[in-house]
Amino acid sequence: MRFVAANCLREGMRLAKPLYRGTNTMLSSGITLNNLYIDGIRRSGYSGAYIDDDLSRDIEVIDVISEELRMETMNGIRKIITTAQQGHRSARPLNISAQVERIVRELSGNRDVMVNMLDLCSFDNYTYSHSLNVAVLSLVLGMAMNFPVGDLVALGSGALLHDIGKVFINKAIIQKRGPLTPEEFEQVKTHSRVGYDYIMAEYRLPPRNCRPILEHHERYDGSGYPAKKRGTEISLYGRITAVADVYDALTSERPYRKALPPNEGVEYIMASAGTLFDPEAVNAFTRKIAPYPVGTSVALSNGWTGLVVRNYASYCLRPKLRIYQKDGAAVEPFEISLKDDFNYLNVTISGAS
Ligand SMILES: [Fe+2]
C-alpha cells in the first residue's frame, strides 16, 4: 500500500486502510474510490489515504498499535472528556494505567520499527486522536531513552490526558479559527493547570503521572507557560510530552491550517533542540521517527521519484526506495537503498513528493 495525499486521490483507486468518521467506519478497506467518496474524504479533513496498486501491493505499513487498541483508547478518552464536560464524577473512571500498559505492551513488540506517525485522522475525532498520538509518541521516546515500564506508564498516562483542561475553557475560544486576542490566549493558557488539578482530584493519579498535563507547554528555554520553567525545572515527562505535542499538532490537518508533511515537522523539532525542546528528547525523537514514512513518495536530488519501502533506525534520511519515475516520466520500477548503495551516496531526498 502507499499513501496518497487527499488532493491526489483519483477515481478507481482502491482503499487499503479503512477511514473513520468518529468511531464509525466511513469507508472500508478494499473499496474503490469514486468522486463522491473522494469529496467526502477531503471534506472530513483527511490529509490523504492509503491505497493499494501494482506498484505498492507488497509494501506493508506497520501500525505502531493495533486498530482495535487505538479505537478502544480513543473511546476511553472520549468518556473521560464527556464526564469532565458534564461536570460530574465518573461512576467508573477508566483505568488509565491499565490502558496505557496495553499500549506499552504493543509498542514493545515493535521496538525496532521506525515510527510512522503519518496519521489518518478526520476533523471530528482530532481531539481523541491527538491525545492518543501524543501518548504513543511520548512512549516511543521514553522507550528510546530506556525508561522502565513503570515510568512509561506514568509518562503515557499524563500524555494521554495532556489537554483535558481544554474542556473547561470557553468552547468558542477553543474552536476559534482566527488569531486569539491577548485575553483569550490568557484563558487558553489556564488549561494546563486546570487539567492537572482536575485529574489529580478526580482520578487520583500520582503527581508524577500528571506532570505532562501541567508542563506540556513549558519550553526548555523558559519561554513557555504556565510557570515559565526552564531546563530541568521541567520534569523529563513534561519535556518529552512537549516534543510529542508540537510534532503531532504540526503534522495534523486542521480546519484552519494544512498539515505539515512529516519531514517538515521533524525539521522543525530538530531546529528547536536546545531552545524550545530538551536536546535529549529531540535526540530520541530523531532516532525513532521516520520523516519519510514507509508508503510515502519522495523526490530525489537526481530527478527521480520513489516510494519509501523501508526505513532504517538512525539513518532516517537514507531509506530504501522503489524508484518509479525519472524526470517525471514513468519507468520500470527498481529498488535502491540510499543507506547501502554506494552508487547513490551523493543522491539526497529533496522533499516529499
Ligand atoms: Fe495543550
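Colleague: How many disulfides does a search of the whole structure find?

Modeller: Zero, where a disulfide is a pair of cysteine sulfur atoms within 2.5 Å. Before we go on, note that this is a predicted model, so local features need pLDDT of at least 70 and side-chain atom pairs count only at pLDDT 80 or more, while totals for chains, interfaces and linings use all residues. Residues are numbered from 1 along each chain as its sequence is written, and side-chain values use heavy atoms, with hydrogens and water left out.

Colleague: Is Cys-210 buried or exposed?

Modeller: Buried means under 20% relative accessible area, exposed over 50%, and partly exposed in between, with a 1.4 Å probe and protein chains only. Cys-210 has 0% relative accessibility, so it is buried. Cys-316 is buried too, at 14%.

Colleague: Which residues are the protein donors of the iron ion?

Modeller: Donors are N, O and S atoms within 2.8 Å of the metal (3.2 Å for Na, K and Ca); water is not among the atoms, so sites may look incomplete. Here the iron ion has Asp-163 (OD), His-191 (NE2), His-216 (NE2) and His-217 (NE2), at 2.1 to 2.3 Å. Along the chain their spacing reads D-x27-H-x24-H-H. Helices (H or I, at least four residues) and strands (E, at least two) are DSSP runs numbered from the N terminus. His-191 is buried because its relative accessibility is 1%, and His-216 is buried at 0%.

Colleague: Why is the arrangement of the four donor atoms irregular?

Modeller: Four donors count as tetrahedral if all angles lie between 85 and 135 degrees; four count as square planar and six as octahedral if opposite donors are over 155 degrees apart and all others between 65 and 115; anything else is irregular. Around this iron ion the angles run from 85 to 177°, which makes the arrangement irregular.

Colleague: Which residues have the most contacts inside the largest nonpolar core?

Modeller: In soluble globular proteins, nonpolar side chains tend to be buried together. A nonpolar core is a set of buried Ala, Val, Leu, Ile, Met, Phe, Trp, Tyr and Cys residues joined through side-chain atoms within 4.5 Å. The largest has 59 residues, and Leu-107, Val-136, Ile-164, Ile-199 and Phe-285 have the most contacts inside it. Helix H4 (residues 126–144) gives the most to this core, with 10 residues. Beyond its neighbours within four places in sequence, Leu-107 is in contact (heavy atoms within 4.5 Å) with residues including Val-64, Val-136 and Met-143. A second, separate core of 22 residues includes Val-294, Val-308, Leu-321 and Ile-349.

Colleague: How many aromatic pairs does the structure hold?

Modeller: A pair of aromatic rings is described by the distance of the centres and the angle of the planes. Rings of Phe, Tyr and Trp (its six-membered ring) pair if their centres lie within 6.5 Å; planes under 30 degrees apart count as stacked, over 60 as edge-to-face and the rest as tilted. The structure holds eight such pairs. Phe-3 and Tyr-50 form an edge-to-face pair, 5.4 Å centre to centre with 70° between the planes. Phe-3 sits in strand E1 (residues 2–5) and Tyr-50 in strand E5 (residues 48–52), 47 residues apart. Ring pairs also link Phe-168, Tyr-198 and Tyr-203 into a cluster.
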